[in-house]
Structures are given as C-alpha cells and as structure tokens.
Amino acid sequence: MIFSKQTLRDILWDNPDDYKTISDKMVDHSRWSVIHELIFQIVSTGKYYRTEYSVGATESQDERPWQYEDDEIECDEVVPVEKVVIVYEKQTNV
C-alpha cells in the first residue's frame, strides 16, 4: 500500500488516532545512517504494514526519516506470526 512521506512521519512522531505503532526498531546501520524498521497498524481496518527508514548516525549527519525517498512510499502489508525461540542460559547451582 502507498503512504505519503508525511503520513509515515506523523505515524512515527505523532501517533494519529487511526494508526498504532506496533514496533520501531533498529535493524541495520551504515557508516552514516541507522536503519529502522517500522511496523504499524491502521486501526479502522486492522491491517498491519512494514517499512524501513534511516536517520543520521551522529549529530553531524542531518538525515530525517524518508528524507531521500519519493513523496509516496510503498509499505508491505504484514501479519503477526507467533514464533517460539529457544535460548540457553547459564545453569545455577541449587
């Protein structure tokens, strides 16, 4: 689905009533940018969408989310999937 750059910034910063931010996490980085994955929901439809954006890695890099993208950004529709993860922890002596 296509969203305007301004709508995505509003979702990220202002939490408009019809949108709910589900997740905003750092997923990668380059020398000058930090890449984030944003997952949000349109409340009225119940549908979820995913997009990525980047911001400057330091105060010297002036980069806003979606700054170098077109005015219309395609977001992938996604669905929540429950996954089981196995982790290993140090055993404590009892």
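User: Is Tyr68 buried or exposed?

Analyst: The model is a predicted one. A residue counts as exposed when its relative accessible area is over 50%. Tyr68 has a relative accessible area of 61%, so it is classed as exposed. Tyr68 is placed in the loop between strand 4 and strand 5.

User: With which residues is Tyr68 in contact, once neighbours within four places in sequence are left aside?

Analyst: With that exclusion, Tyr68 is in contact with Asp62 and Glu63.

User: Where is Trp66, and is it buried or exposed?

Analyst: Trp66 lies in the loop between strand 4 and strand 5. The cut-off for a buried residue is a relative accessible area under 20%. Trp66 counts as buried because its relative accessibility is 2%.

User: How should I read the backbone angle phi?

Analyst: Most residues other than glycine have a negative phi. Trp66 has a phi near 60 degrees, a positive value in a residue other than glycine. Asn15 is not a glycine either, yet its phi is positive, at about 50 degrees. Asn15 lies in the loop between helix 1 and strand 2 (19–29).

User: Which residues make up the largest nonpolar core?

Analyst: The general idea is that nonpolar side chains tend to be buried together in soluble globular proteins. Here the largest nonpolar core has twelve residues: Phe3, Leu8, Ile11, Leu12, Leu38, Phe40, Ile42, Tyr49, Tyr53, Trp66, Ile73 and Cys75. Two or more of these residues come from each of helix 1 (5–14), strand 3 (33–42) and strand 4 (47–56).

User: What are the contacts of Ile42, leaving aside its neighbours within four places in sequence?

Analyst: On that basis, Ile42 is in contact with Met1, Phe3, Asp18, Tyr19, Lys47 and Tyr49.

User: Is His36 buried or exposed?

Analyst: His36 is buried, because its relative accessible area is 17%, and it lies in strand 3. Apart from its neighbours within four places in sequence, His36 is in contact with Asp24, Lys25, Met26, Val27, Thr51, Glu52, Tyr53 and Val55.

User: How many helices and strands does the chain have, and what pattern do they follow?

Analyst: The protein chain has one helix and six strands. Along the sequence, these elements follow the pattern β-α-β-β-β-β-β. Of the contacts between residues at least 6 apart in sequence, 46% join residues at least 24 apart.

User: What is the radius of gyration of the protein chain, and what would a compact globule of 94 residues have?

Analyst: The protein chain has a radius of gyration of 17 Å, whereas a compact globule of 94 residues would have one near 12 Å. Along its principal axes, the C-alpha trace spans about 60 × 40 × 20 Å. Of the 94 residues, 29% count as buried. The accessible surface comes to about 7,400 Å², and carbon and sulfur atoms account for 47% of this area.

User: Where is Tyr88 found in the chain?

Analyst: Tyr88 is found in the segment after strand 6 (76–78). With 77% relative accessibility, Tyr88 counts as exposed. Tyr88 and Tyr49 are 39 residues apart in sequence, and their C-alpha atoms are 32 Å apart in space.

User: How far apart are the mean positions of the positive and negative charges?

Analyst: The chain has 10 positive and 20 negative charges, and their mean positions are 6 Å apart.

Definitions and conventions: Residues numbered from 1 in each chain as written. Predicted model: local features only at pLDDT ≥ 70, side-chain atom pairs only at ≥ 80, totals over all residues. Heavy atoms only, no water. Core = buried A, V, L, I, M, F, W, Y, C linked by side-chain atoms within 4.5 Å. Buried < 20%, exposed > 50% of the residue type's maximum accessible area, 1.4 Å probe, protein only. Helix = DSSP H or I, 4+ residues; strand = E, 2+ residues; numbered from the N terminus. Contact = heavy atoms within 4.5 Å. Rg over C-alpha atoms; globule rule 2.2 N^0.38 Å. Areas by Shrake-Rupley, 256 points an atom, 1.4 Å probe, with all protein chains shown as cover. Lys, Arg positive; Asp, Glu negative; His and termini not counted. Charge placed at Lys NZ, Arg CZ, Asp CG, Glu CD.
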